[in-house]
There are 4 protein chains.
Amino acid sequence: MAERTPVAVIGAAGFGGALCARLAHAHPSLELTAVTARSDAGRRHDALYPRHGVPLTMEELDPDRIAEKARAALVAYPHKAAAPAVRALRERGLKVVDLSADFRLDRERYERWYQPHEAPELIAEAVYGLPEAHRDEIRGADLVAGPGCNSTAALLALLPLSDLARDVVVDIKTGVSGAGREATTETHYVSATENVNPYKTEGHRHSAELEQELADGVRITFVPHLVPMDQGLLASCYVTTEPRLSTEEARALFERAYAGEPFVDLIDAPPRTADVRETNRCRVYVTTTGDRVLVFAAIDNLWKGAAGQAVQDLNLMLGLPETEGLQ
Amino acid sequence: MAERTPVAVIGAAGFGGALCARLAHAHPSLELTAVTARSDAGRRHDALYPRHGVPLTMEELDPDRIAEKARAALVAYPHKAAAPAVRALRERGLKVVDLSADFRLDRERYERWYQPHEAPELIAEAVYGLPEAHRDEIRGADLVAGPGCNSTAALLALLPLSDLARDVVVDIKTGVSGAGREATTETHYVSATENVNPYKTEGHRHSAELEQELADGVRITFVPHLVPMDQGLLASCYVTTEPRLSTEEARALFERAYAGEPFVDLIDAPPRTADVRETNRCRVYVTTTGDRVLVFAAIDNLWKGAAGQAVQDLNLMLGLPETEGLQ
Amino acid sequence: MAERTPVAVIGAAGFGGALCARLAHAHPSLELTAVTARSDAGRRHDALYPRHGVPLTMEELDPDRIAEKARAALVAYPHKAAAPAVRALRERGLKVVDLSADFRLDRERYERWYQPHEAPELIAEAVYGLPEAHRDEIRGADLVAGPGCNSTAALLALLPLSDLARDVVVDIKTGVSGAGREATTETHYVSATENVNPYKTEGHRHSAELEQELADGVRITFVPHLVPMDQGLLASCYVTTEPRLSTEEARALFERAYAGEPFVDLIDAPPRTADVRETNRCRVYVTTTGDRVLVFAAIDNLWKGAAGQAVQDLNLMLGLPETEGLQ
Amino acid sequence: MAERTPVAVIGAAGFGGALCARLAHAHPSLELTAVTARSDAGRRHDALYPRHGVPLTMEELDPDRIAEKARAALVAYPHKAAAPAVRALRERGLKVVDLSADFRLDRERYERWYQPHEAPELIAEAVYGLPEAHRDEIRGADLVAGPGCNSTAALLALLPLSDLARDVVVDIKTGVSGAGREATTETHYVSATENVNPYKTEGHRHSAELEQELADGVRITFVPHLVPMDQGLLASCYVTTEPRLSTEEARALFERAYAGEPFVDLIDAPPRTADVRETNRCRVYVTTTGDRVLVFAAIDNLWKGAAGQAVQDLNLMLGLPETEGLQ
């Protein structure tokens, strides 16, 4: 068997980072050599996440130590905190997939939606990590920015229509794990159960990713809704195209775009998020009503929307089979 | 105390009919004198629905007996089954609120979306039972058709914009009780939990109500989604108007339309379905992004979307205070 | 109409206190004149709890102001914080129902399970507020201690057997609202959903209430479990009696004990917590297997387990009908 | 690579059988060659269960065809229907793991709790498929009866105490998938959510398995409760032993019993069912209160409680590594 690539997961105590650790630990061609955490340093990862089965103790982030132990890293810090960590690891030569927003956007867009960038010199080398759109660039990259969960589903629903779309409404339904591990009023069980709650109705930062990745001039309305489930995300996309498309024409665009894609399934009925739970798959359904194209895309927000896609990116960066460790 | 009006609930074993029975039973000006059921006849209502506290035995529907006992009826049969029952009761002089689709639409629309009408001679006298739109007609009516749950939320979100709207996308999130009491693959707990599922993506019958009630020429795209909750419904409406409206202009239209409405709350943040649970209220939030107006309306699908609104209608028909029995 | 008694709710921002406020506000013989909160002072109560419909602004606790406005108070502070607040209100002559643990136990028991008592001089006047056991004392009391939610269900299941019971296992299943409004790792939706979790397996403080209220010498094993629901609590009680009882004998004891009880329903099948949701009722089922008596009692932990029972107590203290405002 | 053993799954449309199919399909040493179903024959398995990824069409059960295609079978029929199917397969020489109750009990016990046995001649050769208790017999067996989900958790919690236990209360909390795929009133989302519901309070058939497997003379009280979760099962066991055991003594018994067990984890805090979700693990916590030993055992009812354990049994029967395909 070929030697396995040593990897570290930075920020392994959050939901996304923890799944990165699980996937890296179980990956046939990777060897998980270190997991770090900020407030949970010193605890065993499998004490915090027994199902994930990662028998390592979380340590504080020491870039020199990580550089001794690993040749690649998955960074699962919140945005703003991620950029300096990524810089420290890139300076030491590690390939990095960053799951935060810090390297997804050009500087102008980033600073408009977030804050002054902490490591702007790295933006140029970062590749937007949606393999279905940027596979070849990811293969050659040293720094890949994992797309947001909302953006992943929305882009997979919209990219095949990008050149024809004039107007899109993206209505997202997302599970509570998307809000992160922090205990807040919104993530309290009593608040989240038996509830649907739209939020960021005046503009969610993930829409910046859509603007950047879709063709210029598409009018985008984007609203996420919190629904009472743990994992899962559905993007319902209502698209006006020019010219108007028949159902067959619309589906043909998707068939062409996703032929051979290992993780995108074009299906012939509306997707259920339950059917992609704990998988790296995206199930997509295309139809039309009146003169509008409707596209529904379902993913697991922690898998294809975060950790699974990050491993998919890393597989590409390391020249491994793209689906390895993700089946 | 004034004499209470005797009422019957026809089809009291389903979720909507059961709540009609509870509300009628607890209503200060109504006396619930009979509850009927098809397959559950012979059972006590409070054995089936202990929380509702209705101490009556469900009987089979015998219109003559009902006419002896009641002067008004709430009919909660499925569409098609409702029309003959309504006819039998109307022939015996009862005022009727029908919760099914049978009398919501003009005949042409009804027969396009449903099937040949079973009691077409009654369509002309039926009033569409959305008090916020047809209060005066409801007051004088002998037959009122309770709007669909989806339509109620969508219309309350859209009516103030009706004249200006050119295009609307209505994305509905609805709880499982909206699918009815019948045990099916879709309503199985294991299927519904941890899942979001769009359905009727090519056209839901409730959109016919929108077409009928909104101004001509509005382009409507309407998609419901099943989400893992018991009761509750959110309509997210994405509206293109002509002329384009500012947030202030849009809100002003709603303030004017709903001034004094007892059950519509204009609020200043996106509504949560949990906040209307087990109430007859509709919470509405109006905002804009780019050149689009966004309106979010939350109701309890069994209350304002069915039984609560039916009692509100009946209050109007009987000259009672509109909110009686619904606070 | 008789004058309504002015009441205040102290600690109205928590789940239990908020429901106290709702019940007091809607109560025909009470007038809610003040609501206080610690961290949420200055906010409208109905902004935090729209469904409860309490149109008052929460204020900081100033006992003098409360004494001007109210003749009775429902105190819903956590234990230890409650005692000084209760003292301040009692010193100003208010009748008080305290929902915390501070006045449920004799001093010795309290200090063994909790901490040094903050207002020990009041313990003697406090009555344990389970009306089914102490109705007459509650009627004459100025200070009543609302029982714990677990204890309420367990005691209603056990009291009729108290003299005969030798050994009881109490296995509690409780909804997440019982853990309070604070956002914690345990109350995070992602942690609580799809999970059952025993806790305090080596001894829960509510068992002290059982020891105090049941006959001496009963061996009690008491374990609560957190289950994924919002409101609701089931006590499953496995009782060894001496002498051994037949099912008929056991049920007869319960029928005698609860004849005429307005909120206790003896039923003939195992109770479902859903059937008591948002009611002040306790549904009890008694059966036997082998030589053991099994008793299952279901309540809503926020109603009969907290706020509803507190209002029931207050009704008794004020000479009002016991069920007023609770139907 | 060694040749893979061809296996069939009989009854692959139910929850347990579907998971058998997934596990067999993904198993490195098995080749899933046929899946059968009764009412869903003719449908692709992955159309019904997309996540499971089994690309086979379900066929009607034809024992001759199965015998041509497979050398072993996992039978996931309901009890009574299972026995004739098992006989047909055994007559054709297949090794069988049967997940129903049909071969778990001796004939006397079976016919007392179920009905006249359909294939009594096979009872003698059947081994009770709990590897932690009968590993060596399973290795040599041609017919293994997979234990019930409740029994699996309860026995793993009780077996190390079997000789010392005098009295046990087993209080089970189980997810809704345990009730099977059939849509019923109890499995309706609206019925199951926000609810805890004891059932079979006068005697559940799984207790017969406990009686058979535990030492004679242990008094067993066994009550299952349905809780609102999809997958998961917790057995809370309250055990009186003779002699009385200290916590250390009790834990020592478990450490000895489960040393080296690949799927049983003795842990030092109460188990959460979420931590075993979609794993074949059983997490066990042992403690004492007063003179009672308390043991809590958590499993996934579909994995260690059904399909996972069946594959574990099959691994043993075929001489494969016991954990293969189950990590």
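The model is predicted: local features need pLDDT of at least 70, side-chain atom pairs count only at pLDDT 80 or more, and totals for chains, interfaces and linings use all residues. Residues are numbered from 1 along each chain as its sequence is written, chains are lettered from A in the order in which they are written, and side-chain values use heavy atoms, with hydrogens and water left out.

**Sheet in chain B**

- Chain B holds an open sheet of 7 strands with mixed pairing, in the order S8-S9-S7-S10-S13-S12-S11.
- Strands S8 (197-198) and S11 (264-266) of chain B are the edge strands, each pairing on one side only.
- Helices (H or I, at least four residues) and strands (E, at least two) are DSSP runs numbered from the N terminus; two strands pair if DSSP finds at least two bridges between them.
- S7 (residues 165-174) and S10 (residues 233-241) of chain B run antiparallel and are joined by 9 bridges, with B:Val169 opposite B:Tyr238 in S10(B).
- Helix H9 (residues 206-213) of chain B lies across S7 and S9 (219-226), at about 150 degrees to S9(B); axes are lines fitted to C-alpha atoms, for helices over the stretch in contact, and angles run from 0 to 180 degrees between N-to-C directions.

**Chain B against chain A**

- Contact (heavy atoms within 4.5 Å) links 40 residues of chain B with 40 residues of chain A.
- About 3300 Å² is buried between chain B and chain A, with carbon and sulfur atoms giving 50%; buried area is the accessible area (1.4 Å probe) that two parts lose on being put together, summed over both.
- B:Glu194, B:Val196 and B:Arg219 supply 18% of the area that chain B buries against chain A, more than any other three residues.
- There are 8 salt bridges across this interface of chain B and chain A, a salt bridge being a side-chain nitrogen of Lys or Arg within 4 Å of a carboxyl oxygen of Asp or Glu.
- One of these joins B:Arg219 to A:Asp291, with the closest N and O atoms 2.7 Å apart.
- S7, S8, S9, S10, S12 (282-289) and S13 (292-299) of chain B each supply at least two residues of the side that touches chain A, and S7(B) gives the largest share, 5 residues.

**Chain D against chain A**

- Here 12 residues of chain D are in contact with 12 residues of chain A.
- The area buried between chain D and chain A is about 900 Å², 49% of it from carbon and sulfur atoms.
- The interface of chain D and chain A has 0 salt bridges.
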